[in-house]
Amino acid sequence: LAALGLAQAHDEATRELAALGGEVSTLRRLPAEPAPPSEVHRRLYGRYEVIREVASTATSRVLECTDAVRGERVAVKIFAAWDTRGTGRDALARFEREVRVLGAIDHPNVVPLRDFIPDGPAIVLAWMSGGTLETMMQSPLAPARSVEIAEAVLRALGEAHRVGVLHRDVKPANVLFDDSGVARLSDFGVAHLSDLSVTATAAVIGTLAYMSPEQREGKPATVQSDIYGVGAILFEMLTNERLAVGEEPKLRPSGVHRDLDARHDDAVMKLLAPSALDRPADTFAARRALSALTWPHDVERAALPARTRRPVPERPSGARLTDTTPRAPMVTDAWTGRSVERIALTPESLARAGAFARAGHRALQLVLRVDRDDGLIWLEAARGRKLDRVLSAREKTTLLEALDALHAHGVVHGHVDATHVAVGANDVVLLFDPRGDRTATADTDFAQLRRLT
């Protein structure tokens with residue numbers, strides 16, 4: 001890392017090594033004044049010459065490089081989360097998923113995949129010199145340009161949906177621009193292949209301001225969920241206002257632009273309908289509705305409002321919870337109206353919660369949020385009552401399916417008993433337990449279930 005001139009990565013590795021008890025004094029130090037890139041030979045994987053580090057997250061680093069073979073600029077995204085448990089393992093799965101998705105999609109409005117390097121692991125993407133939509137929106141955009149960008153994203157999503165992929169994280173930071181100003185959708189790391197009904201929980205995926213109501217409630221994501229994300233982006237481009245979760249928008253596009261009217265408002269707000277059933281049936285229908293109208297090419301605003309984009313809170317505010325006692329076990333989430341059960345966040349409980357969330361079965365207690373600041377995991381409170389009778393054949397079959405889904409994600413429940421099963425009038429739910437049983441197996445789970453019937 002020092003030889004590559006990656007100061008931030010070098011410092012993070014130094015701190016981590018020290019925390020693990022490693023010897024730090026012998027580490028190679030970065031020079032006080034690093035040599036210019038032209039004076040340092042920095043080449044990755046034999047062909048990618050590093051220009052600079054562009055971004056760094058807990059799970060990956062993005063470097064701007066020159067491909068010595070093709071002679072073009074590229075973005076090299078290197079996986080950086082080596083913890084094979086819990087979130088590290090999940091991050092690696094998302095990284096590998098992005099490779100599979102980009103390999104399956106070849107579209108002019110999707111950031112192209114140039115190469116995959118298993119030894120990194122790393123992926124090489126075409127360099128997008130035009131920056132992100134998030135940056136572009138700092139200046140007013142003409143309605144015609146806003147709709148052009150929205151339609152480009154819809155075209156990219158239409159191709160993804162055609163091959164069985166939901167993006168599930170449509171937001172301005174994931175819309176990039178190439179040298180010609182063409183909008184391209186990126187970051188398919190949270191997308192799912194071949195399953196358009198997989199559950200996307202608000203705990204781990206998406207940014208709230210652009211996330212559909214059904215996703216925030218932990219319901220399955222659909223094609224209409226991605227369409228909502230495009231609607232949220234378009235609304236913000238037209239009004240300069242970021243949607244606030246749980247609040248009715250204060251503006252309409254026609255209230256900001258002189259040449260827009262109720263027809264334009266209806267086309268945009270239809271993408272943002274609270275019910276997925278009221279949104280366009282697919283991205284093609286959404287594009288037709290937008291292209292049927294004339295959108296002005298000039299920024300003629302009735303009264304340019306002060307920017308009201310609100311930062312999306314990383315943590316729930318006190319007003320969101322009915323009981324703000326730091327570790328109250330049962331609270332109500334005012335955003336969704338759900339009763340929420342909170343348990344301690346540990347490496348073991350996080351790994352098990354991740355398996356529950358990825359399994360996404362309706363008979364598994366829903367994982368809503370990981371609150372790292374308070375050290376808690378949010379679960380939807382159990383509906384119905386604890387099991388006080390023999391399970392019916394239908395309920396047994398449902399729980400068998402739930403256990404199969406859980407086992408498929410590498411976790412054995414270990415506590416399939418009356419205290420961990422809740423039954424209601426029309427459903428049955430297997431409750432979460434943060435404690436694993438090291439002696440339990442899939443057969444143990446099935447044997448415990450048989451005792452309940």
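**A serine and its surroundings**

Me: With the side chain of which residue does the side chain of serine 212 make a polar contact at 3.2 Å?

Reply: This is a predicted model, in which local features need pLDDT of at least 70 and side-chain atom pairs count only at pLDDT 80 or more, while totals for chains, interfaces and linings use all residues. Residues are numbered from 1 along each chain as its sequence is written, and side-chain values use heavy atoms, with hydrogens and water left out. A polar contact is a pair of N or O atoms within 3.5 Å; within protein, one must be able to donate a hydrogen and the other to accept it, and residues adjacent in sequence count only if both atoms are side-chain atoms. At 3.2 Å, the partner of the serine 212 side chain is the side chain of glutamate 214.

Me: Is serine 212 buried or exposed?

Reply: Serine 212 belongs to the loop between β10 (192-193) and α5 (213-216); helices (H or I, at least four residues) and strands (E, at least two) are DSSP runs, numbered from the N terminus. Its side chain also makes a polar contact with that of glutamine 215 (3.0 Å). Buried means under 20% relative accessible area, exposed over 50% and partly exposed in between, with a 1.4 Å probe and protein chains only. Because its relative accessibility is 0%, serine 212 counts as buried.

**Positive phi in loops**

Me: What is phi of arginine 168, roughly?

Reply: Arginine 168 sits in the loop between β7 (165-166) and β8 (175-177). It has 5% relative accessibility and therefore counts as buried. Its phi is positive, in a residue other than glycine, and near 75°.

Me: In which loop is asparagine 240 found?

Reply: Asparagine 240 also has a positive phi in a residue other than glycine, near 70°. Its relative accessibility is 12%, so asparagine 240 counts as buried. Its place is the loop between α6 and α7.

**A helix and its neighbours**

Me: Against which helices do the buried residues of α8 pack?

Reply: Helix α8 covers residues 262-271, and its buried residues are His264, Asp265, Ala267, Val268, Met269 and Leu271. At the start of α8, a side-chain oxygen of aspartate 261 comes within 2.9 Å of the backbone nitrogen of arginine 263. The packing is judged by contact, meaning heavy atoms within 4.5 Å. The partners are α6 (223-239), α7 (253-256) and α9 (283-291).

Me: Are α11 and α12 roughly parallel or roughly antiparallel?

Reply: Axes are lines fitted to C-alpha atoms, for helices over the stretch in contact, and angles run from 0 to 180 degrees between N-to-C directions. The axes of α11 (residues 393-408) and α12 (residues 442-450) come within 11 Å and cross at roughly 165°. Angles under 35 degrees count as roughly parallel, over 145 as roughly antiparallel, 65 to 115 as roughly perpendicular and the rest as oblique. Therefore α11 and α12 are roughly antiparallel.

**The core and the whole chain**

Me: How many residues does the largest nonpolar core have?

Reply: A nonpolar core is a set of buried Ala, Val, Leu, Ile, Met, Phe, Trp, Tyr and Cys residues joined through side-chain atoms within 4.5 Å. In the largest one, Leu133, Val175, Phe188, Leu234 and Trp295 touch the most other members, and its residues number 56.

Me: What share of the protein chain is buried?

Reply: The protein chain has 12 helices and 17 strands. Of its 453 residues, the buried share is 49%.
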